[in-house]
Amino acid sequence: MIKEILLGHETNKRDLDDWDLTLTCDHTVRLTQHRDRRSFSTSVVPCPTCRERRGVVEAVHVGPTEDPAGEVRRERLAAELRAAEAKLARQRKAAARTEQQIAATTKELGGTQGSSGG
Ligand SMILES: [Zn+2]
């Protein structure tokens with residue numbers, strides 16, 4: 001818990017993605033925005049070279065801003081893997097329950113056949 005507090009400000013930075021933007025003046029700038037956004041949200045950005053606002057021709061997603069060792073990517077993949085494994089475990093349990101149900105019903109059906117029913 002203490003670790004989370006200490007790393008609090010870093011966590012925010014780690015939620016940022018780098019984007020390489022090609023502008024209408026043919027300059028390229030690197031900007032960051034929150035990972036929640038799947039595409040770059042701004043269509044006009046200030047160009048530091050021209051010192052003017054330029055339209056964004058192309059936005060290329062570079063990746064996490066604070067991810068020198070690919071840690072954020074690994075964590076995300078690990079989380080996806082855990083979620084998929086949990087889903088598989090649930091599906092296996094459901095399948096096992098269905099199998100048990102089939103076995104029980106088959107047994108019950110077998111029991112009704114040929115019984116004198118007295
Ligand atoms: Zn420019």
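This is a predicted model: local features need pLDDT of at least 70, side-chain atom pairs count only at pLDDT 80 or more; totals for chains, interfaces and linings use all residues.
Residues are numbered from 1 along each chain as its sequence is written.

On confidence, the mean pLDDT of the protein chain is 85, and 86% of its residues reach 70 or more, where pLDDT is the predictor's confidence in each residue, from 0 to 100. Among the elements of the chain, helix α1 (residues 2–6) has the lowest mean pLDDT, at 51, whereas β3 has the highest, at 94.

The chain contains three helices and four strands, and along the sequence they follow the pattern α-α-β-β-β-β-α. Helices (H or I, at least four residues) and strands (E, at least two) are DSSP runs, numbered from the N terminus.

Now to the sheet. It is an open sheet of four strands in the order β2-β1-β4-β3, with antiparallel pairing, and two strands are said to pair if DSSP finds at least two bridges between them. The edge strands are β2 (28–34) and β3 (44–47), each of which pairs on one side only.

Taking the pairs in turn, seven bridges join β1 (residues 16–23) to β2, and these strands run antiparallel. Within that pairing, Thr-22 has Thr-28 of β2 as its bridge partner, and Asp-18 has Thr-32 of β2. Strand β1 is also joined to β4 by seven bridges, again antiparallel, while four bridges join β3 to β4 (residues 52–64), which run antiparallel as well. In that last pairing, the partner of Val-45 is Arg-54 in β4.

Two loop residues deserve a look. Strands β1 and β2 form a hairpin with four residues between them, and Asp-26 in the turn has a positive phi of about 75°. Asp-26 is exposed, with 11 other C-beta atoms within 10 Å. Arg-51, found in the loop between β3 and β4, has a positive phi of about 55° although it is not a glycine, and Arg-51 is likewise exposed, with 7 other C-beta atoms within 10 Å.

Finally, helix α3 (residues 71–112) has 42 residues and reaches 61 Å from its first C-alpha to its last, close to the 62 Å expected at 1.5 Å a residue, the expected span being 1.5 Å times one less than the number of residues. Is this helix buried or in the open? Of the 42 residues of α3 the number buried is zero, so the helix lies largely in the open.

Key:
A residue is buried if 20 or more other C-beta atoms lie within 10 Å of its own, exposed if 12 or fewer, and partly exposed in between; C-beta atoms are placed from the backbone.
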